[in-house]
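This briefing is intended for a reader meeting the structure for the first time.

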Amino acid sequence: MPDVSFTVDGKKLTAPAGTLLIEACKTAGIEIPAFCYYPGLSLQAACRMCVVRQEKVPKLQTACTTPVAEGQVFFTDTPEIVQARKATLQLLLGNHPLDCPVCDAGGECELQDMTFKYGAADSFYAEPKNHREEQKWSPVVYFDRPRCILCYRCVRMCGEGMDVFALGVENRGSSAVIAPNVPAGLAPDHLNHVDCEQCGMCIDACPVGALTSGTYRYKTRPWEMNHVATVCTHCGDGCKTTLGVRSTTDGAEIVRGDNRDRSGINDDFLCNKGRYAFDFANHADRIQQPLVRKAGKLEPVSWEEAFTHIGKKFRELRDAKGGDSFGVIGGNRLTNEEAYLLQKFARTVIGTNNIDHHRTADHVTFAQALIGHKDRTASLRDTKTAKSILIFGGDPTNQSPATAWNLRTNIRNNGAKLFVVNTEEIKLRRQAKAFVRLAPFGYGAMAAFLNGDDASGPSAVSNVEALAGFRDTLKATEGLLILIGSELRGSELKALIEFGLTLPGAKFALLSDYVNSKGAADMGLLPDMLPGYTPVGSEIFAEYKAPAQAGLGLLEIFDAAAAGSLSALYIVGSNPVLRYGVEPASLKNTFVVVQDLFMTETAVLADVVLPAANLYEKGGSVTNHYGDLQLVKKAGDRAGVRTDFEMIVRIADKMDAHIPTLIPFGKGLRADMGQTRGAQSGEADRHAVWLTAQNLEPRLSPFDPFAILDEIQRLVPGYDILRLQLLSGNDQHLEPAASQPLVQIGARRDLVLPSGDTLFTSGTLGHYSDMLIDLQQNSRREQLPILDQTAAD
Amino acid sequence: MSAIQNSIFTPETAARFDKLATIYPMKRSALVPMLLYAQDELGYISEPAITEIAKRLDLFDLDVRNVMSYYSMLRTKPAGKYNIQVCTNISCMLRGGYEILDHCKAKLGIGHKEVTADKMFSLEEVECIGACCWAPAMQVNYNFHDDLTTVKVDDIIEQYRQGLGKDVK
Ligand code: SF4
Ligand code: SF4
Ligand code: SF4
Ligand code: FES
Ligand code: FES
């Protein structure tokens with residue numbers, strides 16, 4: 001659109017023709033109050049708060065629906081406008097309780113701000129206010145009818161934004177009311193309920209305190225919290241979230257999750273897990289003391305005793321039975337720094353490649369299939385702008401809600417085209433231009449078909465007729481964004497990527513679960529891969545002096561335990577016993593150390609259990625499944641827990657490892673910056689040379705995750721991080737693809753075990769979120785087929 | 001063959017609905033007429049009716065409720081056999097509409113939107129029914145009665161009670 005010039009309050013402004021006046025003013029720093037307008041949703045013009053005077057137009061105009069055009073003249077701040085807005089407020093306040101002192105929104109309420117600004121708190125209404133009791137629509141959504149100003153943001157948010165359509169408007173005029181989709185008459189308890197995805201986006205969009213959150217309501221006031229921007233720990237999307245934190249007697253408690261910082265990859269979105277499921281952090285079952293098994297029972301001990309015990313046992317077992325008798329298992333919610341440190345610890349201190357993690361998607365094949373291709377991996381940001389998208393497997397609505405949100409927004413506002421290929425009727429098919437319903441396990445056949453193997457067609461779908469046309473459509477699509485579900489692994493995944501690589505400008509993302517599952521793979525929590533998908537034995541990590549043969553994978557580690565050849569098992573933030581159904585007896589001859597938040601099915605079998613901090617209680621970085629790196633900041637705090645990072649370092653120390661080699665920290669203590677002994681001197685030296693060259697300060701503490709980040713940046717292919725970008729809380733996209741092909745892509749499906757998480761589950765962590773458990777029970781109770789109904793029109 | 005299996009409506013109404021869903025450029029435009037016909041047949045709009053209509057028009061049940069609750073002439077509870085709607089809008093008000101209403105209330109012993117115990121009569125206060133020239137006016141089901149006096153009302157009610165009045169639905 002060409003730019004047009006117009007005048008607002010005597011200021012000459014320019015904006016593309018058709019821009020809404022309210023947006024043009026916002027850009028120019030002129031504030032126009034708005035209750036019903038919400039960027040990205042359809043226009044409503046219901047509240048009349050945004051009225052402005054336009055020259056030569058008889059009536060006041062609503063800025064939220066007025067597109068700017070050449071030569072227009074507006075006034076937004078005249079006595080007439082002030083009076084009009086004040087009158088609007090008085091009408092809105094006609095039945096509003098103005099109970100700001102107890103309202104959750106108080107202090108963050110658009111109505112409160114405007115009432116204050118325009119001085120409209122007294123009303124000409126003499127009638128008594130019509131009070132209604134607050135309603136609990138679900139464990140997380142509460143509705144306080146008198147506070148509602150009928151702006152319909154929630155209705156549009158739920159319908160257009162979420163494609164759920166759980167909220168509507170009933171009755172009319174002054175008796176109009178927001179109604180949820182389960183009317184009292186149909187509910188067993190004769191109360192209104194909402195049967196929906198429980199995302200809380202309606203609460204977030206509500207400009208007043210009419211919709212409130214089950215976790216946060218009546219708990220605190222906005223100004224009593226500290227607000228920490230960090231990353232959600234749940235699914236692989238890694239939304240930027242702001243945690244509201246308040247101090248308590250034994251630390252700092254997280255009381256709210258929200259997305260007031262809209263600069264993230266998820267814009268204004270958070271799903272129910274990001275918004276409510278932080279409560280595991282405050283769970284009463286958190287372990288807060290190290291435990292050591294004595295005479296068959298886990299007894300609380302001091303940290304010193306626990307570390308000394310582990311250090312001694314690990315050293316003895318390593319020296320007596322060799323590093324290869326160890327197994328190390330990392331987690332999907334560790335920071336990159338922790339994951340990197342853990343594998344470095346395994347490879348250099350213990351001396352084994354027997355390291356793995358619960359792989360929720362085949363990131364290894366993904367990276368290998370893209371060797372030699374640049375700019376082929378997508379960022380989550382691409383889902384907001386791509387013109388065409390193919391979802392091949394997976395179910396973003398349930399597994400990667402932010403991806404689904406971005407796609408819906410992109411389709412709605414930019415007319416993006418969506419193609420869906422799935423064995424199930426996933427919800428996003430409603431937005432799809434074409435939906436190919438595959439036969440069960442038809443992904444491999446479909447990938448082969450796309451690659452030109454027509455004979456595979458009949459194994460992919462029942463009706464092959466249309467399939468060739470679909471393939472032609474994809475082939476004719478430029479810049480296709482291909483989102484791949486975790487069902488695709490090994491050769492099937494490779495085949496699909498091979499097809500995609502023939503399309504000009506196509507980009508890929510492999511969707512997995514948990515905040516740092518890609519980071520875990522990137523950081524080399526793999527038996528055959530060093531960080532950055534570098535094959536073991538590679539020159540790049542020569543300074544590790546680690547074994548050059550691939551180690552045991554997760555299942556093989558447990559096989560070794562069952563066979564009695566595993567002397568020690570070190571598990572950091574993972575619950576393989578539950579996830580892989582490990583027979584507890586098989587671990588009886590293994591010395592097991594577990595770092596975790598709770599006494600999980602794995603922790604109860606351990607010889608030593610160390611209480612760990614969770615992702616909301618530490619700093620570092622994580623990489624979402626797209627490869628977007630983000631900063632994690634410490635928000636909550638809990639007495640008696642330590643970060644996994646610190647614990648790994650302390651254990652290494654008690655094993656008499658050389659800590660400055662493990663964690664390059666300190667300056668000038670042991671090194672002369674390499675000048676006299678050349679670049680082949682010790683690790684700390686080379687690191688210091690690199691630091692100096694990068695204008696970075698040497699780190700002072702061995703517990704500083706950034707010391708390891710420096711090394712990650714120095715060594716891991718693809719992790720050339722922009723520091724300022726990271727530190728200022730912005731995401732950046734990384735492409736850690738291996739530089740050389742090597743290991744054959746295996747077809748062993750059991751290496752990958754998708755988590756199978758849905759909207760209301762989140763692995764083991766989810767077992768300790770009361771809110772998620774409540775929501776699971778709630779969704780079973782409702783049992784209404786609402787989410788399966790098709791959308792209007 | 002009805003578009004819906006096991007329709008709760010009579011075959012004639014079901015067939016009418018099948019047709020209705022096809023004649024508008026946008027399917028959901030058939031919603032209000034469908035609701036009216038459904039009410040005529042069932043006496044009110046029941047939950048199963050909401051569900052079936054939503055299904056016929058590819059809507060959510062909630063969409064149907066949203067529209068339905070906007071219109072005061074659409075009921076979700078059964079009315080009496082004879083639904084008396086007394087107008088109290090301007091012309092009728094000036095010519096004694098409220099007396100007629102009060103008279104009905106006293107006579108039938110029920111208030112606005114209530115039903116007599118024998119389910120014979122229900123009463124509603126309504127806005128202008130378009131009979132201003134002969135105000136005050138009331139409507140019993142779809143039948144008009146105008147130029148009312150309390151005596152005339154007694155007579156009308158009695159006639160319906162005897163089953164003599166026209167029962168047009
Ligand atoms: S919580 Fe989300 S899905 Fe549920 S009503 Fe609100 S916006 Fe809709
Ligand atoms: S509940 Fe909130 S968002 Fe919804 S209409 Fe009322 S004020 Fe607006
Ligand atoms: S979409 Fe994923 S990352 Fe975002 S809030 Fe939900 S669980 Fe957290
Ligand atoms: S913001 Fe413009 S009318 Fe509500
Ligand atoms: S005012 Fe009663 S019929 Fe018009």
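Across the interface of domain 1 of chain A and domain 2 of chain A there are nine residue pairs in polar contact, both residues at pLDDT 80 or more; a polar contact is a pair of N or O atoms within 3.5 Å, where within protein one must be able to donate a hydrogen and the other to accept it, and residues adjacent in sequence count only if both atoms are side-chain atoms. The model is a predicted one, in which local features need pLDDT of at least 70, side-chain atom pairs count only at pLDDT 80 or more, and totals for chains, interfaces and linings use all residues. Residues are numbered from 1 along each chain as its sequence is written, chains are lettered from A in the order in which they are written, and side-chain values use heavy atoms, with hydrogens and water left out.

**Domains 1 and 2 of chain A**

- On the side of domain 1 of chain A that touches domain 2 of chain A, nine residues are nonpolar, two are polar and none is charged (Ala, Val, Leu, Ile, Met, Phe, Trp, Tyr, Cys and Pro count as nonpolar, Asp, Glu, Lys and Arg as charged, and the others, Gly among them, as polar).
- Contact, meaning heavy atoms within 4.5 Å, links 11 residues of domain 1 of chain A with 13 residues of domain 2 of chain A.
- The two domains of chain A bury about 1,000 Å² between them, with 55% of it on carbon and sulfur atoms; buried area is the accessible area (1.4 Å probe) that two parts lose on being put together, summed over both.
- Phe35(A), Tyr38(A) and Leu41(A) supply 54% of the area that domain 1 of chain A buries there, more than any other three residues.

**Division of the chains**

- The assignment, automatic or from a database, divides chain A into domain 1 (3-92), domain 2 (128-282), domain 3 (291-360 + 524-665 + 702-731) and domain 4 (364-511).
- Chain B is assigned domain 1 (11-70) and domain 2 (82-167), and their C-alpha centres lie 29 Å apart.

**Chain B against chain A**

- In this interface, 15 residues of chain B are in contact with 21 residues of chain A.
- Phe60(B), Leu62(B) and Arg65(B) supply 44% of the area that chain B buries against chain A, more than any other three residues.
- Four residue pairs are in polar contact between chain B and chain A, both at pLDDT 80 or more.
- The side of chain B that touches chain A comprises six nonpolar, three polar and six charged residues.
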